[in-house]
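Welcome! Take a look around first, then try each task before reading on.

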Amino acid sequence: MTTDPNPKKSNGENSEQSTQKAPLKDSNKKKDEKKDEDLSDEDLALKQQLELCVERAQDVEPGVQKLALESMRQEIRTSTSSMTSVPKPLKFLRPHYGTLKTYIETMEDSELKKYLADILSVLALTMSVEGERESLKYRLLGSEGDIGSWGHEYVRNLAGEISQEYAEKQDSEDLQMDELMELVQQIVTFHMKHNAEPEAVDLLMEVEDLDLLVEHVDTTNYKRTCHYLTSSASYLSGPDDLLVLDIAYRIYLKFKEYPSALRIALSLNKLKYVKQMFTSCEDIQLKKQFCYILARHGVDFMLDDDMVADDDDREACQDIINNLKLTEGYLNLARDIEVMEPKSPEDIYKVHLIDGRASAGANVDSARQNLASTFVNAFVNAGFGQDNLMTVPSDSSSGGSTGSWLFKNKEHGKASAAASLGMILSWDVDNGLAQLDKYFHSSDNHVIAGALLGVGIVNCSVNHDCDPALAVLSDYINNEDPTIRIGAIMGLGLAYAGTQNDQIQQKLIPILWDTKAPLDVIAFAGISLGLVFVGSCNDDVAQSIILALMERSEAELGEPLTRLLSLGLGLLYLGKQERVEATAEVSKTFHEKIRKYCNMILLSCAYAGTGNVLKVQHFLGKCSQHLEKGETHQGPAVLGIAMVAMSEELGLDMSIRSLEHLLQYGEQNIRRAVPLALGLLCISNPKVNVMDTLSRLSHDTDSEVAMAATISLGLIGAGTNNARIAGMLRNLSSYYYKEASLLFCVRIAQGVVHMGKGLLTLAPYHSERFLLSPTALAGLVVLLHACLDMKSLILGKYHYVLYYLSLAMKPRMLMTVDENQKPLSVPVRVGQAVDVVGQAGRPKTITGFQTHLTPVLLAAGDRAELATDKYIPLSPILEGFVILRENPDYQEDN
């Protein structure tokens, strides 16, 4: 999307055309009567003077010529400083442009010829024919003098002509670029001095020489330049986008703006850059800030002696990366906002607000209702460590122990109930394992399976030094009972997502090859391997999953669980673009039942979060076909549109519009996937237009569409406590009070909207939507693919796939801490973020702000800035944990 480096050129042409057309209308009248009447005495004198200069410029006497050219040059230079209209000298010299052009051809090479060439180059600004590039031609003939003295408009026009010339020379493979590149040097220097960084960047992108930029930036403009580079990266095609980010990284490093450089290193997914940051930065507090950014992104990163020399410091930093501080910070936030009080599902359903008929049915104690309440309770109290169903002490007034709620669930429901304890104790590993321990002595296999899954959830996004999850879960992986095996396998996938742990590869790959293992065990093993090795392109894992897919019988290939296997394969290539191509070719040799499905999943995962327009068009093409009933590959194609387009706001809005069209013209299997795609695009960001579309679809005659829309209403409002969505869901609960399946979906959605009592988000993007956390996106994608077949998975006995959401659950807070990592309350302004890329001056970056004391909650699209000069934040983006340092120059106002 490189912007035209010559935005004002067309205006120049317009003004030229209009000034040319006007005299042609009835030229005779105009020429005779008005020619000299309209001009003031001053203008008339100027006109005559310039005509005389033109005459004298063609004099045989060099001295006379020189004076005439000097005079013309002086007049033009003084008038081009402001460019609101065509300057008068250019206007009066228009008739003589042709004369001077023919004359310069006859002149011999001399200083005077260069002088005249300079003047013609400026005249060509308004007078040359489009496509001739005369301004550039005469510039190259002219003197080497200061280019900026002719004014901004001239420099802009020249930049536009250079990029055209460059493109033409490239096509004709003419490599004589030296003169051009010298000019480019001059123009870039001029732009960088005059606060026109975007124009300098655009020109260098056009002539493919961005490296020049690193020399030209200085302390006054490097931030604006990098801001423009990083913003334009999302609109460039590969590999240009990576090159642009690389240049921004080098500039940030040059000026020691380490936290911003770190974010770019993570965006490029280059861990060697991250290591370089740790070794080149001396400040231990800054290193701790890096650790907080790495922890939020979910990177498995080990520090060594070179990165942090002191042992105690290294241990403290590693603890931060391992997210061991997360639960403490989250509970501090909860205490500050006063929401520690546990909430029960009834507080969420608010049955008393609904009219008669539904509230009557609400008290029925059915297993399906209890299962829904289990999930709601887990989501709402996630991370708080206490609730009213699972953590109640056995001697409480209610008389029942935790077991009493557990056994209000049937069979596989007990697994989800036991696992819900893991979610309530999220991130608190020591306490969580202690509380789950009692379930391992149960005689009920479902309870043990749930406890194993709970261990995985407690360890999700936290890396403990002694690897408790691996120790506990590996004993149960080869258990005889398939439910226990699934619990252990899912637990490993959640606990070690994104760590690329070899031990897990050795434990899970044999399960894929085991011909006697049931299909569901193999499918979950595939998903867990996909999560652990997300985005790693690991060949061994990929080949094992491909073999497992090839060995499936034809009957098994029609099962929804087999599709999860191909999703596990897709996750290995998440965001890796063309590196998926070899595997995509192999997928074309699969059985026809799964061939297209697998291909769609591979492409959608590989290009997730890239904003690649060609891939979105490819998916739309697949969705426009009207196929027979049994085809399933269009569902993943619809989700693919959302996964690819979610990277930036513009593509996001366009894809929402395209999805609206699919709703009107698509087949039934496409309509079932559209609500889920909308849910992913606006996750934890309740946009009103999407909310209304989903509300409409939640009353659809096709129950699958209605269920998907209901779940998606939960997803777009996830963790926001959005009152409007909560109201819609309450109305739906009364509308569907007789339909157990739909009511179950409504309850789940209610739990998700109130997730973490409104302190959590599911958005995989962070750092002002710049970084995409691969593990968070992977968790969401697994859940959404499971929702493509609600009846057999979420409404069947695999409802615990809902716990994959824990991979994406993160506190949506800003917590400021001092240099000892203790919470520090300071005033901050929180408001809607404003895009200020490329704007002049120092525009306000937020609008409609309110001032609060930290810790504060940040909604989607919010940005925070410090409201005091007493402290300096060590990260330019205030999100998550930010370390503050006292400002040595601060003085108290009396």
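Helices (H or I, at least four residues) and strands (E, at least two) are DSSP runs, numbered from the N terminus. Keep in mind that this is a predicted model.

**Exercise 1. Find the cis peptide bond and say where its proline sits.**

Step 1. Most residues other than glycine have a negative phi, and most peptide bonds are trans.

Step 2. The bond from T854 to P855 is cis, with omega near 0°.

Step 3. P855 belongs to the loop between β7 and β8, and β8 covers 856–857.

**Exercise 2. Work out the open sheet of three strands: its order, its edges and its bridges.**

Step 1. Strands of a sheet pair through backbone hydrogen bonds, either parallel or antiparallel. In this open sheet the order is β7-β6-β9, and the pairing is antiparallel.

Step 2. β7 (846–853) and β9 (862–866) each have a single partner strand and stand at the edges, so one side of each is left without a neighbour in the sheet.

Step 3. On average, neighbouring strands here are turned by 30° against each other, direction ignored.

Step 4. Strand β6 (residues 827–833) pairs with β7 over six bridges, in the antiparallel sense. Among the bridge partners, A833 goes with I846 of β7, and Q832 goes with T847 of β7.

Step 5. β6 also pairs with β9, again antiparallel, over five bridges. Here R829 stands opposite E865 in β9.

**Exercise 3. Describe the open sheet of four strands and the helices that pack on it.**

Step 1. The strand order is β8-β5-β11-β10, and the pairing is mixed.

Step 2. β8 and β10 (871–873) are the edge strands, each pairing on one side only.

Step 3. β10 joins strand β11 (residues 880–886) through three bridges in the antiparallel sense. P873 has L884 of β11 as its bridge partner.

Step 4. α17 packs on this sheet and touches β5 (813–817) and β11, its direction making about 165° with that of β11.

Step 5. α19 packs on the sheet as well, touching β5, β8 and β11, and its direction makes about 105° with that of β5.

**Exercise 4. How do α17 and α18 pack against each other?**

Step 1. Two packed helices are described by the angle between their axes and the distance between the axes. For α17 (residues 284–297) and α18 (residues 311–321), the angle is about 25° and the axes are 7 Å apart.

Step 2. Angles under 35 degrees count as roughly parallel, and α17 and α18 are therefore roughly parallel to each other.

Step 3. Their crossing is right-handed.

Step 4. On the α17 side, I284, K288, C291, Y292, L294 and A295 take part, meeting D313, A316, C317, I320 and I321 of α18. By class, this contact has nine nonpolar, no polar and two charged residues.

**Exercise 5. At what angle do α4 and α7 pack, and which residues make the contact?**

Step 1. α4 (residues 62–79) and α7 (residues 111–127) pack at about 30°, with axes 10 Å apart.

Step 2. α4 and α7 are therefore roughly parallel to each other, and α4 passes α7 in a left-handed crossing.

Step 3. From α4, the contact includes P62, Q65, K66 and L69; from α7, the residues include L112, Y115, L116 and D118.

Step 4. The contact of α4 with α7 divides into 10 nonpolar, one polar and four charged residues.

**Exercise 6. What does the UniProt record say about residues 837–890, and how much of the span is helix and strand?**

Step 1. The unreviewed UniProt entry annotates residues 837–890 as "domain: 26S proteasome non-ATPase regulatory subunit RPN1 C-terminal".

Step 2. In the model, residues 837–890 are 0% helix and 46% strand. The end C-alpha atoms of the span lie 29 Å apart.

Key
Residues are numbered from 1 along each chain as its sequence is written. This is a predicted model: local features need pLDDT of at least 70, side-chain atom pairs count only at pLDDT 80 or more; totals for chains, interfaces and linings use all residues. Side-chain values use heavy atoms; hydrogens and water are left out. Two strands pair if DSSP finds at least two bridges between them. Axes are lines fitted to C-alpha atoms, for helices over the stretch in contact, and angles run from 0 to 180 degrees between N-to-C directions. UniProt positions are given in the numbering used here, feature names are shortened, and annotations may be inferred rather than shown by experiment. Angles under 35 degrees count as roughly parallel, over 145 as roughly antiparallel, 65 to 115 as roughly perpendicular and the rest as oblique. A crossing is left-handed if the near helix is turned anticlockwise from the far one by less than a right angle, and right-handed if clockwise. Contact means heavy atoms within 4.5 Å. Ala, Val, Leu, Ile, Met, Phe, Trp, Tyr, Cys and Pro count as nonpolar, Asp, Glu, Lys and Arg as charged, and the others, Gly among them, as polar.
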